[in-house]
Amino acid sequence: MLLTDKFGRAITDLRISVTDRCNYKCVYCRTGNEGALYGDLPFPDYFRMARILTGLGIRKIRITGGEPLLRKGLIEFIHELGQLRDVDGNALDLALTTNGHLLAEMAQPLKDAGLRRVTVSMDAVDPDRFSRITRVPGGYDKVLAGVRAARRAGLWPLKVNCVLMRGFNEDQIIPFGMFAREEGVILRFIEFMPLEEDRVWAPNTVVTLEEIISRMGEYRPLVEIPHERSETARRYRFDDGIGEIGIIAPVSHPFCGHCSRIRITSDGKIRTCLFSVWDHDLHELMARGSSDEELSNFICDVVQKKEERHHIGEADFVPASRTMVHIGG
Ligand code: SF4
C-alpha cells in the first residue's frame, strides 16, 4: 500500500530533521533564546523510520535541521540511506538543506557518501547584511566557500534559497540574480512564512512573486520554464540562458493542492504539514517495541489526517505548533 492522503495526493517526499540545534539565529526563524530544544535521536532510529517509509512509497529524502551539519555521524547516516531502494528498486533521491557554514569541509565527504544534491540557505550576498540577518558575524565568506566546494564536489542541482523579508533584504534581489549567474547556482527566492519565533510576520512583510519578477526584470528579462505540478517553485531562466531562478510562493500562490511531503522532526514526530498544529509520535511507538508493520499502519493512519492546505493570512489561521527551526523546512 503506497501513501496517499484523503485528497488523493501521493506522498513521495520525506524531510527528516536530524537536529533542532543551529549555529545561526536568522531573524525570520529563531531568536536564539527560544528555550528548550526538542532534542534529537540516534541515527539508527531515523534510519528505521526512513526504511519503513521508503517501503510505503517515499522516493525523495531531504535531510534538514536546525543545522544538520552539526550532527556527528551524518556522513555515515547518508551512506546508509544510500543503500535503500524505493518501491521500484531505484536509489533514493537524497538531498540536504544547510546554512552552509560547515559545508566547505563536508561537501566532498557528503558526495562520496551518496548525497546527490544540496540546498544552501543564504539570505544576502552582502557580508554585512548577511551578518545582520543571521545574527552571527563573519559567516558570509564561509558560506560562499561552502557553495563553491559543493559545486566542485558535483553536488547538483546546487540551489541557494533566499527568504525575502520586506525591510531586510528585498534590495538583494538583483545582486542575487548576478550572484547566481556568476557562481553557476540555481537561485530560489522564498516568500516569508509565519513560522518564526519573533512572530513578526504580517502580510506586508511578504515580498511576493510578482514583485520579485518585476524587480529582477529591471536587471534582465526572465522566461518561465514549465515545471512539474508537485514542484514547489515556479522556475525562470534569464533571456540569454545564463542562470535559473525559482520562486517558492506559498503565501501569494499556494501549492498545497499537489503537496507530496511529510516531515519527521528531530525528536521523531511526524508532521503532515508545515503549518500543522499536531505532532504524531512515531518515536514513542518505536520505543514501546512496535513492529515494522505496526509502525507502517500508524504512518498510513497519520497520512489520512494530512491537512488539505495552509490558511496563511485567513481569519481562521492558527499558528503552527512548532516554529521553523523545530520543524526543519
Ligand atoms: S503548507 Fe502544508 S499542505 Fe501546503 S504545501 Fe506546505 S506542507 Fe503541503
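**Note on helix packing, ligand shell and backbone geometry**

1. Helix 1 (residues 43-55) and helix 2 (residues 74-81) have axes that come within 11 Å and cross at roughly 20°, the axes being lines fitted to C-alpha atoms, for helices over the stretch in contact, with angles running from 0 to 180 degrees between N-to-C directions. The two helices are therefore roughly parallel to each other, where angles under 35 degrees count as roughly parallel, over 145 as roughly antiparallel, 65 to 115 as roughly perpendicular and the rest as oblique. Helices (H or I, at least four residues) and strands (E, at least two) are DSSP runs, numbered from the N terminus.

2. This is a predicted model, in which local features need pLDDT of at least 70 and side-chain atom pairs count only at pLDDT 80 or more, whereas totals for chains, interfaces and linings use all residues. Residues are numbered from 1 along each chain as its sequence is written, and side-chain values use heavy atoms, with hydrogens and water left out.

3. The crossing of helix 1 and helix 2 is right-handed; a crossing is right-handed if the near helix is turned clockwise from the far one by less than a right angle, and left-handed if anticlockwise. Helix 1 contributes F43, Y46, F47 and A50 to the contact, and helix 2 contributes L74, F77, E80 and L81, contact meaning heavy atoms within 4.5 Å. By class, this contact has 7 nonpolar, no polar and 1 charged residues, where Ala, Val, Leu, Ile, Met, Phe, Trp, Tyr, Cys and Pro count as nonpolar, Asp, Glu, Lys and Arg as charged, and the others, Gly among them, as polar.

4. Helix 1 also packs with helix 9 (residues 292-303), at an angle of about 70° and with the axes 10 Å apart, which makes helix 1 roughly perpendicular to helix 9. This crossing is right-handed, and the contact is made by R48, R51, I52 and L53 of helix 1 together with D292, L295, S296 and I299 of helix 9. The residues of the contact of helix 1 with helix 9 comprise 4 nonpolar, 1 polar and 3 charged.

5. The axes of helix 6 (residues 173-183) and helix 7 (residues 209-217) come within 9 Å and cross at roughly 65°, which makes helix 6 roughly perpendicular to helix 7. The crossing of helix 6 and helix 7 is right-handed, with I173, I174 and G177 in helix 6 meeting I212, R215 and M216 in helix 7. That contact divides into 4 nonpolar, 1 polar and 1 charged residues.

6. Helix 6 also holds both F176 and F179, 3 residues apart, about one turn of the helix. A search of the whole structure finds 9 aromatic pairs, and the rings of F176 and F179 have their centres 6.0 Å apart and their planes at 85°, so the pair is edge-to-face. Rings of Phe, Tyr and Trp (its six-membered ring) pair if their centres lie within 6.5 Å, and planes under 30 degrees apart count as stacked, over 60 as edge-to-face and the rest as tilted.

7. The ligand is surrounded by F255, C256, C259, R261, R263, C273, L274, F275, K306 and H310, a residue being near a molecule if one of its heavy atoms lies within 4 Å of it. By class, this shell has 6 nonpolar, 1 polar and 3 charged residues.

8. Some backbone features deserve a look. A cis peptide bond with omega of about 20° joins G65 and G66, and G66 lies in the loop between strand 2 (60-64) and helix 2. A cis peptide bond also joins W156 and P157, with omega about -5°, P157 being found in the loop between helix 5 (140-153) and strand 5 (158-164). R135, a residue other than glycine, has a positive phi near 60° and sits in the loop between helix 4 (127-134) and helix 5.
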